[in-house]
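Welcome, and please take a moment to look over the sequence and the 3D view. This briefing is written for someone meeting the structure for the first time.

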Amino acid sequence: MSRGPFRQPSPMPGFGPAMGITVAMLSIVVLLPIGALLLKGADYGAAGIWATVNRERVWRALWLSFRLSFLAALFNLVFGVVLAWVLSRYRFPGRRLLDAAVDLPFALPTAVAGIALTALYAPNGVFGAALAPLGIKIAYSQWGILIALIFVGLPFVTRTVQPVIEEIDREVEEASATLGASRLTTLRKVILPMLAPAALTGFALALARAVGEYGSVIFIAGNIPLVTEIAPLLIVIQLEEFNYDAAAAIGIVMLLISFALLLAINLIQIWSRRRIGYV
């Protein structure tokens, strides 16, 4: 059967059905829930959303959630890249065990992770008891929330950067060394620019996971209003009180802030890719 002059062969067998299934699943999993949230907010009205959000308790919870999520993602960006480099470039006893442990936050239920972290960092826990004489309190404080967010977000950076490191040819580093570049210069001008797009992707994933994290945080946070109360907990409280409009209002604000942050990260990622292309 002849093809038209402008008809191009499909890049993959069954592209049409595969594309239809992909769009349908994306709509069911992502677009419809977001659409329902926005529709609920539209029924509530802009004035109602503002009246719900414009309270000290809500602003404190939003500031706490996004601030600690950003700090946790920033920590994971640095430590996750270092961990991925060690796992990719070095061979040492226990490497496979460490490599498998990176995926533990993926497999461990968030509530179990929260209980385990609380048991470790509580005043009578292993780490909490050791830090108590120094006047350092982890559990039931913002430090505990930060540790929980770091725990759940670390694999996103490591697993995103690790394949890129493994694809980097060692000859690139050797060529840089033969041209007189020091190790620090090679790392700064050769390796890091190549890792930047993947690292930013991992950073965005870790940030998104941390912002919406609930199960691993509520146990170690203590949930003290205006101090350690996170925004997802406020949404759950409103739902338990059958105040669906207020829950939708807080959810919409979190959605808008998250979208703005991810948009900024994606723009930086695009800029970094273009910069690498120009170099």
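Here is a short tour, from the overall picture down to single residues.

This is a predicted model, in which local features need a pLDDT of at least 70 and side-chain atom pairs count only at pLDDT 80 or more, while totals for chains, interfaces and linings use all residues. Residues are numbered from 1 along each chain as its sequence is written, and side-chain values use heavy atoms, leaving out hydrogens and water. The protein has 13 helices and zero strands, where helices (DSSP runs of H or I, at least four residues) and strands (runs of E, at least two) are numbered from the N terminus.

**Overall picture**

- The C-alpha atoms of the protein fill a box of roughly 65 × 60 × 30 Å along the principal axes.
- Of its 279 residues, 37% count as buried; buried means under 20% relative accessible area, exposed over 50%, and partly exposed in between, using a 1.4 Å probe and protein chains only.
- Among contacts (heavy atoms within 4.5 Å) with a separation of 6 or more, 75% come from residues 24 or more positions apart.

**Confidence**

- The average pLDDT, which is the predictor's confidence in each residue from 0 to 100, is 86 for the protein, and 93% of the residues score at least 70.

**Helix α9 and its partner**

- At the start of α9, a side-chain oxygen of D169 comes to within 3.1 Å of the backbone nitrogen of E171.
- Helices α9 and α10 (residues 183–211) pack at about 135 degrees with their axes 11 Å apart; axes are lines fitted to C-alpha atoms, for helices over the stretch in contact, and angles run from 0 to 180 degrees between N-to-C directions.
- That angle makes α9 oblique to α10, because angles under 35 degrees count as roughly parallel, over 145 as roughly antiparallel, 65 to 115 as roughly perpendicular and the rest as oblique.
- V172, E173 and S176 of α9 meet T186, V190 and I191 of α10 in this contact.
- Just after α9, G180 takes a positive phi of about 95 degrees.

**Around T52**

- T52 sits in helix α2 (residues 46–53) and is buried, with a relative accessible area of 6%.
- The side chains of T52 and Y44 are joined by a polar contact of 2.9 Å; such a contact is a pair of N or O atoms within 3.5 Å, and within protein one must be able to donate a hydrogen and the other to accept it, with residues adjacent in sequence counting only if both atoms are side-chain atoms.
- A polar atom of the T52 side chain also lies 2.9 Å from the backbone oxygen of G48.
- Leaving aside residues up to four places away in sequence, T52 touches Y44, V58, A246, A249 and I250.

**Two residues with a positive phi**

- Most residues other than glycine have a negative phi.
- Y140, in the loop between α7 (126–131) and α8 (142–167), has a positive phi near 65 degrees and is partly exposed, with a relative accessible area of 33%.
- N223, in the loop between α11 (215–221) and α12 (231–240), has a positive phi of about 55 degrees and is partly exposed at 27% relative accessible area.
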